[in-house]
Every structure is written in structure tokens, then in C-alpha cells.
Amino acid sequence: VAIESMGGPAIPTRFGRTDAASSAESVESQVGRLPDGDKGTDHLREIFHPKGFTDVDIVALSGAHTVGGCHADRSGFDGKWTE
């Protein structure tokens, strides 16, 4: 949707994990799964390097998250990242 909003093509997307049949097969704790939005690059590396992400991967993922908005109930931040 974000790409389309910026004039790009419509890209069909299928949501949902294909490696787990239910949430019971998920990780035990959410701690450390995702970075905190108010921390810097060292924190991003601490979270993503153990998952096999390179700095290039982290930049691409972080950059993609600058499109759109935030939801206070999910991240503690509210509103658009960019104008």
C-alpha cells in the first residue's frame, strides 16, 4: 500500500507465517525480537546481527519503515514518520 501511495506499482502481498500453523509455535518471549524505536544503530545491530542480517539488510529494513505511520499501541510512537 505504501509503495502504491507513492506512485509505485500495486504489489500483491500474502500475509502470515508459512513456518508455523498457530501462535503456539511462536517464540516464548517477545523480548529482543524487535528493536526499540528510540535506540540507535548499536541496538539495531544487537537485535538483527544474531538473526543473520547485515548492515545493508538493516538499512533497507529501517528505510522501509520510514514510509507510513506509527501506532502508539504497538510502538509507543504515534503518527507519520515523514511528511
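Is Phe53 buried, partly exposed or exposed, and at what relative accessibility? At 29% relative accessibility, Phe53 counts as partly exposed, where buried means under 20% relative accessible area, exposed over 50%, and partly exposed in between (1.4 Å probe, protein chains only). The structure is a predicted model, in which local features need pLDDT of at least 70 and side-chain atom pairs count only at pLDDT 80 or more, while totals for chains, interfaces and linings use all residues. Residues are numbered from 1 along each chain as its sequence is written, and side-chain values use heavy atoms, with hydrogens and water left out.

Phe53 belongs to an aromatic pair with Phe48, and one such pair is held by the structure. Rings of Phe, Tyr and Trp (its six-membered ring) are paired if their centres lie within 6.5 Å; planes under 30 degrees apart count as stacked, over 60 as edge-to-face and the rest as tilted. The rings of Phe48 and Phe53 are 5.0 Å apart, centre to centre, with 55° between the planes, and the pair is therefore tilted. Phe48 counts as buried, at 7% relative accessibility.

Phe48 is also one of the buried residues of helix H2, together with His43, Leu44 and Ile47. Helix H2 spans residues 41-48; helices (H or I, at least four residues) and strands (E, at least two) are DSSP runs, numbered from the N terminus. Seen down the axis of H2, the buried residues fall within an arc of 115°, so they line one face of the helix. The arc is that of the directions from the helix axis to the C-beta atoms. This buried set packs against H3, contact being defined as heavy atoms within 4.5 Å. On the other side of H2, the exposed residues are Thr41, Asp42 and Glu46. His43, placed in helix H2, counts as buried with a relative accessibility of 14%. When residues up to four places away in sequence are not counted, His43 touches Pro35 and Asp36.

Charged side chains were examined next. Side chains of opposite charge can pair when their charged atoms come close. A salt bridge is taken as a side-chain nitrogen of Lys or Arg within 4 Å of a carboxyl oxygen of Asp or Glu, and the count by this rule comes to four. Arg45 takes part in a salt bridge with Asp42, at 3.9 Å from N to O. Both residues lie in helix H2, three residues apart, about one turn of the helix. Asp42 is exposed, with 54% relative accessibility, whereas Arg45 is partly exposed at 34%. Arg45 also forms a salt bridge with Asp55, for which the closest N and O atoms are 3.0 Å apart. Asp55 lies in helix H3 (residues 55-64) and Arg45 in helix H2, so this pair ties together parts that are ten residues apart in sequence. The relative accessibility of Asp55 is 35%, which counts as partly exposed.

Salt bridges that share partners also join Asp36, Asp38 and Lys39 into one network.

A nonpolar patch on the surface is formed by Ile3, Met6, Ile11 and Val67, which together have about 370 Å² of accessible area. Patches are made of residues with over 30% relative accessible area and no salt bridge; like charges are joined within 9 Å, and nonpolar side chains (Val, Leu, Ile, Met, Phe, Trp, Tyr) within 5 Å. Accessible areas come from the Shrake-Rupley method with a 1.4 Å probe, and for residues only the protein chains shown count as cover. Met6 is found in the loop between helix H1 (2-5) and H2 and counts as exposed, at 57% relative accessibility.

The loop between H1 and H2 also holds Gly8, which is partly exposed with a relative accessible area of 30%. Gly8 and Ala24 are 16 residues apart in sequence and 37 Å apart in space, C-alpha to C-alpha. Asp78 is located in the loop between helix H4 (72-75) and strand E2 (79-80). Asp78 counts as exposed at 66% relative accessibility; leaving aside neighbours within four places in sequence, Asp78 is in contact with Cys70 and Ala72.
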